[in-house]
Amino acid sequence: MSRVRRMLEPGEWRVVWVEKSPMHYYQSGFLFVPFGKYEIQNVMRGQRQFVPDDVEFILAEAERIDAAKSQLHLVDGRVLSYDQLVIATGARIAPEEMPGLQGAGWQKDIFDFYSLQGALALEKKLANWRGGRLVVNVAEMPIKCPVAPLEFLCLADEFFRLRGMRDKVELVYATPLAEVFSKPAVVPVFTKVMKEKNILVESDFHAMEVEPEKRILRTFDKRELDYDLLVTIPTNMGYPVIAHSDLGDEFNFVPTSPRTLQAKDWENIWVIGDTADLASPKTASAIHSMARTVAANIQLLDHGKALKDTFEGMTRCFVSVGKGKSIFMKFSYHEEPSHGLYPLPILGPFSMLKPTRINHLAKMSLSWVYWSFFLSNIFAPNTTYLPE
């Protein structure tokens with residue numbers, strides 16, 4: 001919001017931020033909570049402290065968008081009219097989409113870590129767990145932060161080794177993908193990591209249901225995996241407000257022009273973050289570039305100018321692989337992950353597709369950087385993008 005507000009022409013716009021939660025979450029940090037590496041204060045802050053002074057903040061839940069009338073209806077009955085609307089509602093886990101997942105085993109021997117509640121419950125479980133088969137299952141794609149399941153497995157391997165019980169734990173990754181990851185250039189890297197850590201990969205595993213009483217995960221083609229502890233990445237979907245507005249696809253993600261970030265059916269609606277149905281991964285790193293493109297295009301549209309198609313789907317991420325090392329990779333719509341140094345070709349300091357300690361230091365500093373810089377005005381230059 002800071003970036004968008006400061007890039008709009010001063011005095012020309014009344015900016016209103018509608019937010020349903022009083023708390024802001026560093027969702028990338030949920031991954032570390034089950035292993036005791038992060039606590040609540042690392043991943044949660046009050047929302048209001050990040051609201052720019054000249055932005056009107058409304059703490060309320062949106063019920064639906066009437067795109068034809070350019071109106072936003074709130075659950076409390078209020079109706080807000082808009083000239084331009086930026087949708088950033090994100091994605092949520094929907095465990096109810098898989099039969100049996102929220103049955104008798106939910107938060108007993110079935111957990112998620114994509115929610116803070118799930119991550120905290122899993123932390124308690126792991127603290128006293130004596131071993132067995134731990135299955136990490138991705139229900140279906142797309143998901144937020146697609147490398148997070150791999151990171152979880154690497155952190156779990158390290159966690160159990162440090163507790164002297166790795167030989168009592170079988171780690172299994174059940175994924176609907178044909179390979180360990182969706183990007184071909186990355187597959188050999190993570191395949192090697194999985195083999196070195198003795199993590200079994202069950203590919204093309206399209207989970208259909210769970211039988212919690214028998215502790216069985218079953219696919220549509222009747223393949224079965226038994227588990228002692230199931231860590232699920234449930235179906236990811238957009239929020240009900242998108243469904244109620246008839247704006248989204250079957251997963252409640254909004255069809256979006258990939259480079260301008262304009263909603264495909266409405267010229268005064270813009271989509272950033274996980275809400276969009278884009279081919280780029282649903283990661284936090286992408287939203288900063290998205291905000292820049294949207295702020296520029298709002299001004300251009302308002303002045304009758306051609307839109308900028310500047311968003312390239314760029315994603316950058318560090319992947320923890322244990323033993324104090326992380327892998328760095330970047331890719332976009334048209335650029336595949338590659339080896340080399342970043343951001344400087346000769347000096348780096350980050351090595352791409354190679355586990356290093358420097359990469360890991362950067363990874364573990366991201367929480368502090370996020371709270372201290374990304375949510376402030378420091379990376380939100382007061383710049384407009386109207387042609388002279």
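This is a predicted model: local features need pLDDT of at least 70, side-chain atom pairs count only at pLDDT 80 or more; totals for chains, interfaces and linings use all residues.
The structure contains 20 salt bridges. One of them pairs Glu170 with Arg133, with 3.1 Å between the closest N and O atoms.

A second salt bridge is formed by Arg166 and Asp157, whose closest N and O atoms are 2.7 Å apart. Arg166 has a relative accessible area of 9% and is therefore buried. Asp157 is likewise buried, with a relative accessible area of 2%.

The side chains of Lys214 and Glu211 also meet in a salt bridge, at 3.8 Å from N to O. Lys214 counts as exposed because its relative accessibility is 56%, while Glu211, with a relative accessible area of 22%, is partly exposed. This pair is part of a network in which salt bridges with shared partners join Glu209, Glu211, Lys214, Arg218 and Glu224.

Two patches were identified on the surface. The positive patch consists of Lys323, Lys325, Lys354 and Arg357. Of these residues, Lys323 is located in the loop between strand 20 (315-322) and strand 21 (325-331). Its relative accessibility is 62%, so Lys323 counts as exposed. The nonpolar patch is made up of Leu344, Ile346 and Leu347, which together have about 360 Å² of accessible area. Leu347 is found in the loop that connects strand 22 (340-344) and strand 23 (348-352). With a relative accessible area of 66%, Leu347 is exposed, the cut-off for this class being over 50%.

Arg357, a member of the positive patch, is also within the range of helix 8, which spans residues 357-374. At Trp368 this helix bends by about 45 degrees. Several residues of helix 8 are buried, including Asn359, His360, Ala362 and Lys363. Ser367 is buried as well, as are Val369, Tyr370 and Trp371.

Technical notes: Residues are numbered from 1 along each chain as its sequence is written. Side-chain values use heavy atoms; hydrogens and water are left out. Patches are made of residues with over 30% relative accessible area and no salt bridge: like charges are joined within 9 Å, nonpolar side chains (Val, Leu, Ile, Met, Phe, Trp, Tyr) within 5 Å. Accessible areas come from the Shrake-Rupley method with a 1.4 Å probe; for residues, only the protein chains shown count as cover. A salt bridge is a side-chain nitrogen of Lys or Arg within 4 Å of a carboxyl oxygen of Asp or Glu. Lys and Arg count as positive and Asp and Glu as negative; His and the chain ends are not counted. The place of a charge is taken as NZ of Lys, CZ of Arg, CG of Asp or CD of Glu. Helices (H or I, at least four residues) and strands (E, at least two) are DSSP runs, numbered from the N terminus. Buried means under 20% relative accessible area, exposed over 50%, partly exposed in between (1.4 Å probe, protein chains only). The bend at a residue is the angle between axes fitted to the seven residues ending there and the seven starting there.
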